[in-house]
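Please read the following report alongside the sequence and the coordinates.

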Amino acid sequence: MLKAQKAIRAMRVLVVDSRLEERKAVAARLEQEGYEFVQEGSSGEEAIRVLSRGLALRQPVDLVLLGLNLPDRPGLEAFEEIHSVFDVATILLTAPQERPLAMEGMARGADDYLQGPLNLGLLLLKSEKVLTKRFLRRELRRSTSRNETLFLNVLAVMAKVLEAKDPYTRSHSENVSTLASSVAREMGFQDDEVRRIGIAGILHDLGKMGIREAILKKPGPLDPEEREVVKRHPVIASTILEPIEQLQGALGYIKYHHERVDGTGYPEGLKGEEIPLGARIIHATEAYDTMISRRSYSAPRPPQEALEEIRSLSGMQFDPQVVEALTSVLRRRGQMAVKDQEQTGRSLAELLDDLTDKVRVKE
Ligand SMILES: [Fe+2]
């Protein structure tokens, strides 16, 4: 037996019908076909009990073969109750006169129906089809989640490599990611976009990997030539990350995170709305975090002063909408005297975990 077929035979099936003979025949035939976990019930109450117990034991039922007009739940009542509470596939077993009811059940989300008189061969085929679909969906979900985890681990390694090379960026990526995500949320972005901006925050300075350590660790101010070298880091980062499919939406935020709304930034001198909004958010939050952090050539500045400077450059260097959102976030957190990272105290691993949660594929 193929591995998938074996997994499908190991899925849990519940047969619920008030007609004892039919129910017994269905259960016996399923077992004969190799289904390992077949249970029976004769009422809606019993069905709910078996489904609840399966959930509690972490052995949920995968498919209910459900007769209509059960003694304690007439018509579609049992189906509706089950469908609204449990994540379980359903095939309705209907008598010929119940066809309109079966159609209504299909319209409300039943997976299939079988009209009597009972044809066991056909019922087996339908059950197998529904369970195969469910199995494939589950496998797809697992592999998507595995890929996502792998991808986020690669991001974490990249950020750590940069931190090892440039100690002054330590915590900077995490701070920018956390703050930029909050600003994006403040501006009303959806979860997907907040996540993209958070990831861009982690990776925005990755291009510094391509810059000589002598420049990155220089204790004094940089000379003009060295400044030109440092200015290459956004383009280097976007070149490194370009092949990663999952990052396509965030690349522009990384490449343009040093553009200024008045057009005096780099690498392309874009102006205003030519600069992706995500990049404008990273730009302002990075500037804030840089000002309040100790760098190789300067002491940290008080958060209040840093925010005032950013506000004074609103409409010139910084996007006014972003400045307003940043101001609200910082004031609301009441952390004018505390650095963002110290306030949130989250590690890169926790941050990535949080971002993973937002994209976990739903049932
Ligand atoms: Fe940068």
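The report below takes up confidence, a strand pair, a helix and a loop residue in turn.

## Model and confidence

This is a predicted model, in which local features need pLDDT of at least 70 and side-chain atom pairs count only at pLDDT 80 or more, while totals for chains, interfaces and linings use all residues. Residues are numbered from 1 along each chain as its sequence is written.

The mean pLDDT (the predictor's confidence in each residue, from 0 to 100) is 86 for the protein, and 90% of its residues reach 70 or more. Over residues 336-346 the pLDDT is below 50, although this stretch has 19 contacts beyond near neighbours in sequence (C-beta atoms, placed from the backbone, within 7 Å) in the model. Where pLDDT is low, the predicted coordinates should not be read in detail.

## Strands β1 and β2

Strands β1 (residues 12-16) and β2 (residues 37-41) pair in the parallel sense over 5 bridges, where strands are DSSP runs of E with at least two residues, helices are runs of H or I with at least four, both numbered from the N terminus, and pairing requires at least two DSSP bridges. Valine 16 has glycine 41 in β2 as its bridge partner.

## Alanine 110

Alanine 110 lies in the loop between α5 (99-107) and β5 (112-115), and it counts as buried because it has 22 C-beta neighbours inside 10 Å. Leaving aside residues up to four places away in sequence, alanine 110 touches Phe79, Thr90, Leu92 and Gly105.

Notes: Two residues are in contact if their C-beta atoms, placed from the backbone, lie within 7 Å. A residue is buried if 20 or more other C-beta atoms lie within 10 Å of its own, exposed if 12 or fewer, and partly exposed in between; C-beta atoms are placed from the backbone.
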